[in-house]
Amino acid sequence: MSDKSTNLVSPKSGKVLYESDRGLITECGSECFELKNGIACLLDPTTLDVASQHEMSVFDELNLDNISFFRECLFQDVLKKIKQVHPTLEKRQEELAFVELGGGEGHWARHFKVAFPEANGYVCDLSFKTLERAPEILNRVCANVTDPIFQKKSIHLAAFWVSLHHLETKHVAKALEEVRKALADDGMVIMFEPNAHFLPRQLMYESKLSNDVYPDEQEQAINFTELSSIAESVGLMKAGTYFLNPHYNPNFIKKLKRWQLYLPVVELLHQLDRWIYEPILGSLFSKKQLKWKKYLTLYGLSLYKKRNSELMAKSCLVCGDTNFVPLGVVDKYSLLECQQCDLQFLDPAPDEASLNEIYKDYYKAWDLKHSEKEVSLMKQETFSNYFKLITPYITSGNLLDVGCATGELMQIAQSNGFDVYGVEVSPYGVNLCREQFGEDKVIEGNLKFGDFPENFFDIITLSDVLEHIVEPLPFLDALYGILKPGGILMIVTPDTSSVVKKLMGKRWLHYKAEHIYYYNQKNLVQLLSSQYTMLLNQKAYKKLNVNYITSVICTYSKHQLWQKLVALGNSILSPVRHSNFPVYIGEMFILFRKK
């Protein structure tokens, strides 16, 4: 064991353990645990119940000679999935600590150690004999996974790899509770276990063939629905559950009695999954799988993150649900999605100072310094098209443009007969709009109660604004108060259900640190349904040109490939660089009428 083993604690008292000539001891020296053959012996066999003693005896007698159940490709796919859900892991290898719990010979931990060589890896198991076969590059710990093993917040990734199903239900809850305590605030736990929903497995358990395959006659496959309830009850947040038929290692299958029967069966199941189930029902890398797949597959993989206290108290602003799935990271902020209504949001949101820094030069991307008139004309064409959709419902009255930017929408509205007002956070935009429309027509900052009289506006427009609002509910209440009964609310905002979003995935242009909430057509209508009636819902097209697009790309992407593509595009498209054309970038245009 290396000096990093001080992550360990006494399972009796929870006190931190330190290495010494005597073994592992608490700071006061009152407790001492043996280090035998490099294995930390934290287990007191006399504290084990009958079921745990039976499990230990089974695995003491089991000798697979370091043969993994599964082929290399499964470990690589699971590792890829972990990186997808927790993309910051690779950047912090030296501080990373991971553990395989109930891991025996540590096959999962070995693969993770190869991928993250600088990380501090552990494998824990009841069976000392099995741990002796685990490689010494891992810190080996003989312990009961239902006891405290690690310091609080010291583990970044924990894995139950075909091990949790050996525990009784009450012990599963206890093991997950101890894991949650050991997880760092951004920690994650994965569980790869036999799937109880697969009917042939249940039949196997009840047949004489079970002795061929299952060395522990007391083990039971995992019901992943029940596992989810247990995990969430101890403070873990689901990041996804995926069902699959893994590629078994033939060398392991050949260790089984009647292996000639099992080998073609598991190979057939894997090929069915690969060529039929995955394309139709979803793969490990799909955002979601169809629920039927759990009835067709041998194993399930569940990923959970630690739910912090603030998030545990948080509910979805649309549907009130409290279950959120991590989707990755936008800039440095976690992106979560409501499991019920698919609302996406950053948590935590950027603080006020960070947002102020972003908005200080927010319109730099528009390249106004070199092409102000061109950009202004382009945006006027966009807003002219919006008003073609608005005027069938309203043709005059007081209009408020929230997030009025440099005033192009207000110009078009004024030319259509509206008396215009604006709200804008950018000092640059505020100054431009006040020059055009008057000091008393434009408010600088965020919209607040009392900025305008109640029932004052006939129409309020939010073009590329709602996604920026840190607290949407008070903001929408403020809008509702100043809009006349029967007044119109126009919203243009990114649509997470759009084809563009689905094609671009995490590279979607709208994923930015200043965009706090991401809606789709269904949940946005649901959010406003108590106060508004929807009048019109369609795709939002913007009038853009090559010059503007390349300026935005250069501002938001520093990757050299993009820079080179931009230069190439400017050269090839030089004759039409300044021509405006309609572009759909995954936004929705919705009109509402106040009830």
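The accessible surface of the chain, calculated by the Shrake-Rupley method with a 1.4 Å probe, comes to about 27300 Å², and 53% of this area belongs to carbon and sulfur atoms. The model is a predicted one, in which local features need pLDDT of at least 70 and side-chain atom pairs count only at pLDDT 80 or more, whereas totals for chains, interfaces and linings use all residues. Residues are numbered from 1 along each chain as its sequence is written, and side-chain values use heavy atoms, with hydrogens and water left out. Of the 595 residues, 54% count as buried, a class defined by a relative accessible area under 20%, with exposed meaning over 50% and partly exposed in between (1.4 Å probe, protein chains only). Among contacts, taken as heavy atoms within 4.5 Å, with a separation of 6 or more, 71% are accounted for by residues 24 or more positions apart.

The chain has 20 helices and 23 strands, assigned as DSSP runs (H or I of at least four residues for helices, E of at least two for strands) and numbered from the N terminus. Nine strands form an open sheet with mixed pairing in the order β4-β5-β8-β7-β6-β9-β10-β12-β11, where two strands are taken to pair if DSSP finds at least two bridges between them. The edges of this sheet are β4 (35-36) and β11 (236-244), each of which pairs on one side only. Within the sheet, β6 (residues 97-101) and β9 (residues 155-161) run parallel and are joined by four bridges, with Phe 98 standing opposite Leu 157 of β9. Gly 38 lies in the loop between β4 and β5 (39-41) and, at 31% relative accessibility, counts as partly exposed; its C-alpha atom is 7.7 Å from that of Glu 136, although the two residues are 98 residues apart in sequence.

Strands β13 (residues 324-330) and β14 pair in the antiparallel sense over six bridges, and Gly 328 stands opposite Leu 335 of β14. Two residues separate the strands of this hairpin, in which Asp 331 takes a positive phi near 60°. Strand β14 (residues 333-338) is mostly covered, five of its six residues being buried, and β14 also pairs in the antiparallel sense with β15 (residues 344-347), over four bridges. In the hairpin of β14 and β15, which has five residues between the strands, a positive phi near 70° is taken by Asp 342, while Glu 337 has Gln 344 of β15 as its bridge partner.

Two helix pairs were examined through axes fitted as lines to C-alpha atoms over the stretch in contact, with angles running from 0 to 180 degrees between N-to-C directions. The axes of α2 (residues 72-85) and α3 (residues 107-115) come within 10 Å and cross at roughly 60°, and the two helices are therefore oblique to each other. The residues that meet include Phe 75 and Leu 79 in α2 and Trp 108 and Phe 112 in α3. Helix α2 also contains Gln 84, which is partly exposed at 30% relative accessibility and touches Phe 285, Leu 327 and Lys 506, residues up to four places away in sequence not being counted. The contact is made by Met 410, Gln 411 and Gln 414 of α14 with Cys 433, Gln 436 and Phe 437 of α15.

How values were computed
Parallel < 35°, antiparallel > 145°, perpendicular 65-115°, else oblique.
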